[in-house]
Amino acid sequence: MIIARTIETLQEAKKTLQGSIGFVPTMGALHHGHLSLIRQAREENEYLIVSIFVNPTQFLEGEDLDAYPRKEEADRKICELAGVDILFMPTIDQMYEEDELCIGAPAIRGYVLEGEKRPGHFDGMLQVVMKLLNLSSATHAYFGKKDAQQLALITQMVKNYFMDVTIIPCEIVRDERGLALSSRNAYLNHEEKERALCLSRALKRATKMVMAGELHVEKIKQEMSAVLSEADRVEYIAIVNREFKALEKVEIGNTIILVAAWVGKPRLIDNLWI
Ligand code: AMP
C-alpha cells in the first residue's frame, strides 16, 4: 500500500493504475461502516484508493473539529489489511489555499434538515468531495446512505458538473443492537450508548407503522417523537421524498425517514429508506 501525504505522491502513484478506480473518502477513525464501503469498492474495482482527511471547511464554528477522533495508526493497518492500493492522507495545506473558488449547496435541497441546522456544512463538504474526486480520478466512488442528504447532494454535484464518476450508495452498517456506526459514537459513555439506541428504535417504530398501513406522516412523527424522548435533544424528525421534499403521506419506494438528536456530547443522525 502506498501512503500519499502529498498531491505529488498521489499523482505519481496513480500513474501506474490502468483500469477502474474505486474511491472511498473518509474522515478516519475507521469502523465497520467505512469498512463495508472499502470492501465493496475493493470487490468492484481493479484499484482502490481511500482518503482520510478531517476537512475543516465542513465543520462549523464551535463544532468538534479539534476533538474529532483521530486514529491514524489503526486506520493505516485496517486499510493495509483491506487491500487498499493508495491511502491518501493530505495535510490541510495540501488541500487548500487562501481565497479559494467555492461551489455551493443547491438552494432548496442543500438548505433543509442538515443544511438548515448546520449552515455552510454542505458547501464545505461538496468543496472537498469535488477536490477528492478530481484528485483520485475515481471511476466509482462509494458513499454511505447513513449521510443521506450528503449522498444526494454529491450525486447532484456529479450530475450538474458532468463529472465522469459513478456514485455508489452503500447500506447503513449498525451494531448488533441497531445503533448506526459512526466515528462520533466514540464520544458516548455506556449509559449514553443505551439511550442512543432510541434513534434506530424510532425508525423501527416508523417501519412497523408503515408495514401496518399507517402512511400519515404526522402520526408517524408523533410516535417517533415519543420513542426519541430518551435523547437529550431532538433536532429534527423528517419524512421526505428522495428529493428531500416534505411529504404528508409516506410513498413506498420514494421515502426517507431521518432523525437527528443529541445524546450526551455527540449529535447523532440516522435514517431509513422506505
Ligand atoms: P465519515 O468518515 O464520517 O466522513 O464517513 C465516510 C463515509 O462512510 C461516508 O460516505 C459515510 O456515509 C460512510 N459511513 C459512515 N458511517 C457509516 C455506516 N454506519 N454505514 C455505512 N456507511 C457509513
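## Ligand contacts

An oxygen atom of the ligand lies 2.9 Å from a polar backbone atom of G144, a polar contact being a pair of N or O atoms within 3.5 Å. M27 also has a polar backbone atom 2.9 Å from an oxygen atom of the ligand. For L181, a polar backbone atom is 2.8 Å from a nitrogen atom of the ligand. On its own the ligand has 480 Å² of accessible area, and the protein covers 92% of it (Shrake-Rupley method, 1.4 Å probe).

## Basis of the model

This is a predicted model, in which local features need pLDDT of at least 70 and side-chain atom pairs count only at pLDDT 80 or more, while totals for chains, interfaces and linings use all residues. Residues are numbered from 1 along each chain as its sequence is written, and side-chain values use heavy atoms, without hydrogens and water.

## Ligand shell

There are 17 residues around the ligand, and M27, H34, D147, V173 and L181 come nearest (near means a heavy atom within 4 Å). Helix α2 (32-44) gives the most to this shell, with three residues.

## Sheet and helices

Six strands form an open sheet with parallel pairing, in the order β1-β4-β3-β2-β5-β6. Helices (H or I, at least four residues) and strands (E, at least two) are DSSP runs numbered from the N terminus, and two strands pair if DSSP finds at least two bridges between them. The edge strands, β1 (2-4) and β6 (166-170), each pair on one side only.

Strands β3 (residues 47-52) and β4 (residues 86-88) are joined by three bridges. I49 has I86 of β4 as its bridge partner.

Technical notes. A polar contact is a pair of N or O atoms within 3.5 Å; within protein, one must be able to donate a hydrogen and the other to accept it, and residues adjacent in sequence count only if both atoms are side-chain atoms.
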